[in-house]
Amino acid sequence: MSSPATPAARRGLALLLAAGVLWGTGGIAGHLLQADAGLSAPAVAAYRLLVGGALIAAVAAATGRLRALRRPTRPVVRRLAVNAALHAVFQLLYFASLALVPVGLATLVKIGSVPVFVAAGICLAARRRPTPRLTAAVLPAVAGLALLSGFPAADAPADRLAAGLACALGAGLVFSVLTLVNRVPPAGLDPVANAGLGLLGGGVLLAPFGLAAGMAVPVAPEPLALLLFLGLVPTGLAYLLFFAGLRGASDAAAAVGSIAEPLTAALLSAALLGERMTAPGVAGAVLLVAAMAADPVADAWERRRSRPRVLPRE
């Protein structure tokens with residue numbers, strides 16, 4: 001018999017699921033700010049990074065996680081600068097995709113493309129061919145991304161669809177680079193401090209572009225509440241929950257948490273914006289979910305099988 005999940009593992013899973021669900025609400029909030037409040041993609045992205053980054057940086061400072069950065073080393077400064085640039089480009093591409101294609105489609109393509117790009121990056125860095133297991137996980141993701149082109153209505157303009165998918169794929173690529181770059185953090189850089197300062201730095205980089213496009217927010221309760229919600233909940237709070245959950249969660253739990261984001265976005269976009277999946281889109285979403293969960297679940301299964309079995313006493 002396998003040992004039951006520990007309280008720490010159950011808590012980690014719950015926190016990661018909560019983070020994934022909160023991340024899934026970010027696309028809806030950003031879309032509404034662009035469609036109803038008239039904000040541009042650079043402005044929405046800048047606001048999200050500045051507000052969310054400020055919250056996480058404040059928590060990092062309050063918990064003493066910034067003490068090691070009083071005299072930062074060159075590798076730490078270089079890593080923070082790279083992360084700031086990657087966060088800025090990632091958010092800009094993602095919110096640009098939301099202005100062109102349905103929220104559910106943009107989020108599914110963004111997150112669903114990450115396993116493909118990460119796998120390709122690992123193989124290129126190691127200069128080796130993908131293993132059969134890695135190929136088995138990546139192929140469903142590629143097929144799912146291809147099928148997701150059927151998510152919007154059949155009469156959607158081809159050029160708009162192509163531009164939106166390109167931005168979503170670009171966002172997935174940049175997020176994958178961000179993931180690969182931060183696999184091994186430099187000495188003295190706490191993960192929470194890294195996230196907060198990286199987001200904050202990305203917001204500073206995007207601020208000039210946002211100002212050029214116009215960052216004025218209508219003085220009304222709804223757009224102001226949406227702006228604060230976007231920065232505080234699916235950004236600041238979601239990242240804090242994510243890092244807290246990683247402490248005790250398994251790899252499979254981390255995969256489930258990542259899957260919660262696109263599923264939440266798809267459900268909310270269908271319920272609030274009237275977006276509907278076509279049959280190919282549903283098939284593509286299922287394949288993407290399977291691809292995201294396949295490798296971590298296989299790891300968990302192999303570890304479970306490798307555990308020594310304890311025979312009951314007679």
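What percentage of the 314 residues of the protein count as buried? In this predicted model, 45% of the 314 residues are buried, that is, under 20% relative accessible area with a 1.4 Å probe and protein chains only, where exposed means over 50% and partly exposed lies in between. The model being predicted, local features need pLDDT of at least 70 and side-chain atom pairs count only at pLDDT 80 or more, while totals for chains, interfaces and linings use all residues. Residues are numbered from 1 along each chain as its sequence is written, and side-chain values use heavy atoms, with hydrogens and water left out.

**Overall architecture**
- The protein has 11 helices and zero strands; helices (H or I, at least four residues) and strands (E, at least two) are DSSP runs numbered from the N terminus.
- Among contacts (heavy atoms within 4.5 Å) between residues at least 6 apart in sequence, 90% join residues at least 24 apart.

**Packing of α1 and α3**
- Helix α1 (residues 7-35) packs against helix α3 (residues 74-98) at about 70 degrees, with axes 9 Å apart; axes are lines fitted to C-alpha atoms over the stretch in contact, and angles run from 0 to 180 degrees between N-to-C directions.
- The angle makes α1 roughly perpendicular to α3, a class covering 65 to 115 degrees, with under 35 roughly parallel, over 145 roughly antiparallel and the rest oblique.
- Gly-26, Gly-27, Gly-30, His-31 and Gln-34 of α1 meet Tyr-94, Phe-95 and Leu-98 of α3.
- These residues comprise three nonpolar, five polar and no charged; Ala, Val, Leu, Ile, Met, Phe, Trp, Tyr, Cys and Pro count as nonpolar, Asp, Glu, Lys and Arg as charged, and the others, Gly among them, as polar.

**Packing of α2 and α9**
- The axes of helix α2 (residues 41-62) and helix α9 (residues 221-246) come within 8 Å and cross at roughly 45 degrees, which makes α2 oblique to α9.
- Among the residues in this contact are Val-44, Tyr-47 and Arg-48 of α2, and Leu-227, Leu-230 and Pro-234 of α9.
- By class, the contact has 13 nonpolar, four polar and one charged residues.

**Thr-25 in α1**
- Thr-25 belongs to helix α1 and counts as buried because its relative accessibility is 15%.
- A polar atom of the Thr-25 side chain lies 2.6 Å from the backbone oxygen of Leu-22.
- Leaving aside neighbours within four places in sequence, Thr-25 contacts Phe-229, Pro-234, Thr-264 and Leu-268.

**Burial of α4**
- In helix α4 (residues 103-112), 10 of 10 residues are buried, including Lys-110.

Definitions and conventions: A polar contact is a pair of N or O atoms within 3.5 Å; within protein, one must be able to donate a hydrogen and the other to accept it, and residues adjacent in sequence count only if both atoms are side-chain atoms.
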